[in-house]
Amino acid sequence: MIIQNDKVVTMHYHLTNADGEVLDSSRESEPLTYLHGAGNIVPGLERALTSLDVGATTTVQLSPSEAYGEYNADMIQHVPRKEFDGIDGLEVGMQLQARDPNGQTFVVFITELRDDVVVVDANHPLAGVHLTFDIEIVDVRDATAEELSHGHVHGPGGHHD
Ligand code: ZN
């Protein structure tokens, strides 16, 4: 079965940056299962996998704009330390939920701790990074009606609602 919209794809992936450092890999764990055409994976990768068959292997190179976006220096903020009162064990690299003025939540990472200021970065950790995915397609099946209505995969490797 060929990969196209509304198919459930199971794949192994091995992700490296431009320096060849391994950022993530499914090889030591379970393969990734996702719903094709639902925006569950980055746009450039989804496009590159369209029309592949079970057993196919491919290498996909993506610029930041096709993956997690360009790095935006405006998304670094200096927040007064007193706003973090009540949060124990602040440390560099820690991930926190923040809320914008409209009440939307988003994730920030602490990049620096100063005496009176905490520097946080709301960029995705892979923003600005050129990515290379080595992919092996393990399985392709039809999505169920329920998966299509939810926009994600259920069962092994997926959501359990
Ligand atoms: Zn669901």
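## Terms and model

Contact means heavy atoms within 4.5 Å. This is a predicted model, in which local features need pLDDT of at least 70 and side-chain atom pairs count only at pLDDT 80 or more, while totals for chains, interfaces and linings use all residues. Residues are numbered from 1 along each chain as its sequence is written, and side-chain values use heavy atoms, with hydrogens and water left out.

## Nonpolar cores

Leu 45 touches Met 11, Val 60, Leu 62, Phe 133 and Ile 135, leaving aside residues up to four places away in sequence.

A nonpolar core is a set of buried Ala, Val, Leu, Ile, Met, Phe, Trp, Tyr and Cys residues joined through side-chain atoms within 4.5 Å. Buried means under 20% relative accessible area, exposed over 50%, and partly exposed in between, with a 1.4 Å probe and protein chains only. The largest such core has 21 residues, and those with the most contacts inside it are Ile 3, Leu 45, Leu 49, Phe 133, Ile 135 and Ile 137. At least two residues of this core come from each of β1 (7–16), α1 (43–49), β4 (57–62) and β9 (131–142). The strand β9 gives the most to this core, with 5 residues. Another core, of 9 residues, lies apart from it; among its members are Val 108, Val 118, Val 120 and Ala 122.

Helices (H or I, at least four residues) and strands (E, at least two) are DSSP runs, numbered from the N terminus.

Two strands pair if DSSP finds at least two bridges between them. An open sheet is formed by 4 strands in the order β5-β8-β7-β6, with antiparallel pairing. Its edge strands, each pairing on one side only, are β5 (76–80) and β6 (95–99). From one strand to the next the twist averages 45°; axes are lines fitted to C-alpha atoms, for helices over the stretch in contact, and angles run from 0 to 180 degrees between N-to-C directions.

## Strand pairs and hairpins

β5 is joined to β8 (residues 117–121) by 5 bridges, and the two run antiparallel. Here Pro 80 stands opposite Val 117 in β8. The strands β7 and β8 also pair in the antiparallel sense, over 4 bridges, and Ile 110 stands opposite Val 120 in β8. A hairpin through 3 residues joins β7 to β8.

Gln 95 stands opposite Phe 109 in β7. The hairpin formed by β6 and β7 has 5 residues between the strands, and Gly 103 in the turn has a positive phi of about 90°.
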